[in-house]
Amino acid sequence: MLTDPELYSKLLTEIDKLKINKPIFVKLSPDLNKRQIDILLDISLKHNISGFICSNLTKCDERGGYSGKIVEDKSNSLLSYVYRKIKKSGKKYVLIGSGGIFSAEDAYKKIKLGANLVELITGMIYNGPGLISEINYGLVKLLEKDGFSNVSEAVGVGNKDY
Ligand SMILES: Cc1cc2nc3c(=O)[nH]c(=O)nc-3n(C[C@H](O)[C@H](O)[C@H](O)COP(=O)(O)O)c2cc1C
C-alpha cells in the first residue's frame, strides 16, 4: 500500500488509462492513521476503483507483517471507518473485510461493520479448508437469528463509532 499521496494518485491515473474491464480493489494497511486514510480515500474516489480490502497485514516490528487475531481489531476499526467515509461520499463501493476471521461470528462482525465480502487466510491455515463451509453454515444461522434473509441486508447494520 502506497502512503505517498502523489505517487498513489499517479498510479491510479495510469491504471485509469489502461481501461481495465475487471474490478480493481485497493488493499489498505491497518497501520494507517485517520489522516492518511482520508487522503488515500479522497484520491481513490476520483479514480476507477471498485472497492477496498480492509485490511492487509499489520507491521508490529521490523520483521515483517502479521496476520490472524493480532490484526483483527485494527482491521475492523479500519473497515468501520472506511464504510462510514464511503457512505458519506454517496458513492457505491464494495468493501472486503479481511484480518483474523476464524469463525462465522468473526465474519458476521465484519459484515455488520460494513463488509460486503470477507476474505481469510490464517484461519484456514490453522483450521483447514473445512472452515469455509463451517463459516457459511454459521452465517446462515446468525443471519436468520437476526431476521435477515441474506448477507446484503446485514451489511453495515452494526456500524457505530468503532
Ligand atoms: C502466507 C500469507 C501470504 C500473504 N500474501 C499476501 C500477498 O501476496 N498480497 C497481499 O496483499 N496480502 C497477502 N497476505 C495478507 C492476507 O491477504 C490478509 O490480508 C491478511 O493475512 C489478514 O487476513 P488473515 O488474518 O485472514 O490472514 C498474505 C497473508 C499470509 C498469511
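Biologist: Which of the 14 residues around the ligand come nearest?

Modeller: Ser 67, Gly 99, Leu 120, Ile 121 and Thr 122 do. A residue counts as near a molecule or strand when its C-beta atom, placed from the backbone, lies within 6 Å of it. Please keep in mind that this is a predicted model: local features need pLDDT of at least 70, side-chain atom pairs count only at pLDDT 80 or more, while totals for chains, interfaces and linings use all residues. Residue numbers start from 1 along each chain as its sequence is written.

Biologist: How do the residues of the shell around the ligand divide?

Modeller: Into 5 nonpolar, 8 polar and 1 charged. Here Ala, Val, Leu, Ile, Met, Phe, Trp, Tyr, Cys and Pro count as nonpolar, Asp, Glu, Lys and Arg as charged, and the others, Gly among them, as polar.

Biologist: Why does Ser 80 count as buried?

Modeller: Let's set the value against the rule. A residue is buried if 20 or more other C-beta atoms lie within 10 Å of its own, exposed if 12 or fewer, and partly exposed in between, with C-beta atoms placed from the backbone. Ser 80 has 23 such neighbours, so it is buried. Its place is in helix H3; helices (H or I, at least four residues) and strands (E, at least two) are DSSP runs, numbered from the N terminus.

Biologist: Why does Lys 19 count as exposed?

Modeller: Lys 19 has 7 C-beta neighbours inside 10 Å, so it counts as exposed. Lys 19 sits in the loop between H1 and S1.

Biologist: And why does Ala 154 count as partly exposed?

Modeller: Its count is 19 C-beta neighbours inside 10 Å, so Ala 154 falls in the partly exposed class. Ala 154 belongs to helix H7 (residues 151-154).

Biologist: What makes the phi of Lys 19 worth a look?

Modeller: Lys 19 has a positive phi of about 50° although it is not a glycine. Most residues other than glycine have a negative phi, and most peptide bonds are trans. There is also a cis peptide bond, joining Cys 54 and Ser 55, with omega about 20°.

Biologist: How do you know that the buried residues of H2 line one face of the helix?

Modeller: In helix H2 (residues 34-44), the buried residues are Leu 40, Ile 43 and Ser 44. Viewed down the axis of H2, they fall within an arc of 100°, so they line one face; that arc is taken over the directions from the helix axis to the C-beta atoms. The face turned away from this buried side carries the exposed residues Lys 34 and Arg 35.

Biologist: Which residues is Val 82 in contact with, leaving aside its neighbours within four places in sequence?

Modeller: Ile 37, Leu 41, Phe 52, Cys 54 and Leu 95. Contact requires C-beta atoms, placed from the backbone, within 7 Å.

Biologist: What makes a set of residues a nonpolar core?

Modeller: The members are buried Ala, Val, Leu, Ile, Met, Phe, Trp, Tyr and Cys residues joined through C-beta atoms within 7 Å. The largest one here has 25 residues, and Val 82 is one of those with the most contacts inside it. H3 gives the most to this core, with 6 residues.

Biologist: In which sense do S3 and S4 pair?

Modeller: Strands pair if DSSP finds at least two bridges between them. S3 and strand S4 (residues 64-66) have 3 bridges, in the antiparallel sense. They form a hairpin with 2 residues between them, and Asp 61 stands opposite Gly 64 in S4.

Key:
Contact = placed C-beta atoms within 7 Å.
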